[in-house]
Amino acid sequence: MKKFFPILLLAIGLLSFQIVSDTQGVDKKIKKPSDSPAHYMQLAVAWYQTAAETRALCYQAFNIARMSLDLTLQTAPSDKPLAVVFDIDETLLDNSPYQAACVINGISYPTQWGEWIQAAMAEPVPGALEFVNYVNSRGVDVFYVSNRKADELEATIKNLNKFNFPQVEESHIMLRETTSNKEPRRQKITETHNIVMLVGDNMGDFTQDCTKKNIEERFAATDNMKNQFGRTYIVLPNPMYGDWEGAMYDNDYSITAEQKDELRNKVMTVFKY
Ligand SMILES: [Mg+2]
């Protein structure tokens, strides 16, 4: 046994090193991914990252956007320059690696979101770069209206420039300053431009009518503007987060993980055997 003792010590040492290196940045309480308070997002993130269907939906959105823009440009008013307004996150840039880190590391937004933004590593959503370039090629102004915080401007520019998104200049990027309500920023753009299209993954990218509302109210507001979708409103898929999630919690994210889990069960339409 004596001569095996140093080997045993070495094995224990190596094992501990492995555990430490595997769990860097990981909440110590998380022993397995299913213990993560963000584990409920696992299927949504996996779908977003691995489903060919997700890519297809993104391509579909941008193909429709292009057809619609072509039609709009035939009859658009010419009193002011035209603009297309884009949201950034999960519309042009894919932040799903951050959402995956939430699942695996047991963190939730906004923990470590800042580090992800500063890394400027988000990849373009499929079809996004091509469409924004197309808008630019048609002589239409591009505005980036995002609820990233104002102090994340530099990192946001860095990330967009990494892929050569067009018109990435401070006057065309409007981040969140005092409010997450995008309506005042859209109004500001309409002072100088005719907005011909809004592109986003969250209803707040199109209207305030679905913000801080319950599920039924959001449905009703969406039904009221059903003719806009695929025309002036282009929607990208995001099953990972959004105002739709808050609607399930009565827009109160401060409740416990258990309460959220309960509410997610409660809102479902269930076949009763
Ligand atoms: Mg977004």
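The model is predicted. The protein chain holds 11 helices and 7 strands, and 42% of its 273 residues are buried. Among the contacts with a separation of 6 or more, 75% are between residues 24 or more positions apart.

**Sheet**

- 5 strands make up an open sheet with parallel pairing, and their order is β5-β4-β1-β6-β7.
- From one strand to the next, the twist averages 20°.
- Strands of a sheet pair through backbone hydrogen bonds, in either a parallel or an antiparallel sense.
- β4 and β5 are joined by 3 bridges in the parallel sense, and Lys-149 stands opposite Arg-176 in β5.
- Strand β4 (residues 141-149) runs parallel to β1, with 4 bridges between them; Phe-86 stands opposite Tyr-144 in β4.
- Strand β6 (residues 194-200) runs parallel to β7 and is joined to it by 3 bridges.
- In that part of the sheet, Val-199 is opposite Ile-234 in β7.

**Helix α3 against the sheet**

- Helix α3 (residues 52-75) packs on the sheet and touches β1 (82-86), β6 and β7.
- The direction of helix α3 makes about 175° with that of β6.
- Ser-68 lies in helix α3 and counts as buried because its relative accessibility is 8%, against a cut-off of under 20%.
- Beyond its neighbours within four places in sequence, Ser-68 is in contact with Met-197, Gly-230 and Arg-231.

**Met-197 in strand β6**

- Met-197 is placed in strand β6, and at 1% relative accessibility this residue counts as buried.
- Leaving out residues up to four places away in sequence, Met-197 touches Ala-65, Ser-68, Leu-69, Ala-83, Val-84, Val-85, Phe-131, Arg-231, Thr-232 and Ile-234.
- One of these contacts, Ala-83, is 114 residues from Met-197 along the chain, and the C-alpha atoms of the two are separated by 7.2 Å.

**Aromatic pairs and cluster**

- The structure contains 9 aromatic pairs.
- In the pair of Phe-62 and Phe-131, the ring centres are 5.9 Å apart and the planes are at 35°, so the pair is tilted.
- Because Phe-62 lies in helix α3 and Phe-131 in helix α6 (residues 128-137), the pair ties together parts 69 residues apart in sequence.
- Phe-62 is buried, at 3% relative accessibility, and Phe-131 is buried as well, with a relative accessible area of 2%.
- Phe-62, Phe-131 and Phe-86 form one aromatic cluster.
- Phe-131 is also among the residues touched by Met-197.

**Arginines over tyrosine rings**

- Arg-66 lies over the face of Tyr-134, at 3.8 Å from the ring centre.
- Arg-264 lies over the face of Tyr-40, at 3.9 Å from the ring centre.

**Magnesium site**

- The magnesium ion has Asp-87 (OD), Asp-89 (O) and Asp-201 (OD) as its protein donors, which lie 2.0 to 2.1 Å from it.
- Along the chain, the donors of the magnesium ion follow the spacing D-x1-D-x111-D.
- Asp-87 has a relative accessible area of 6% and is therefore buried.
- Asp-89 also counts as buried, at 9% relative accessibility.

Terms used: Residues are numbered from 1 along each chain as its sequence is written. This is a predicted model: local features need pLDDT of at least 70, side-chain atom pairs count only at pLDDT 80 or more; totals for chains, interfaces and linings use all residues. Side-chain values use heavy atoms; hydrogens and water are left out. Two strands pair if DSSP finds at least two bridges between them. Helices (H or I, at least four residues) and strands (E, at least two) are DSSP runs, numbered from the N terminus. Axes are lines fitted to C-alpha atoms, for helices over the stretch in contact, and angles run from 0 to 180 degrees between N-to-C directions. Contact means heavy atoms within 4.5 Å. Rings of Phe, Tyr and Trp (its six-membered ring) pair if their centres lie within 6.5 Å; planes under 30 degrees apart count as stacked, over 60 as edge-to-face and the rest as tilted. Buried means under 20% relative accessible area, exposed over 50%, partly exposed in between (1.4 Å probe, protein chains only). A charge sits over a ring if NZ of Lys or CZ of Arg is within 6 Å of the ring centre and within 35 degrees of the ring normal. Donors are N, O and S atoms within 2.8 Å of the metal (3.2 Å for Na, K and Ca); water is not among the atoms, so sites may look incomplete.
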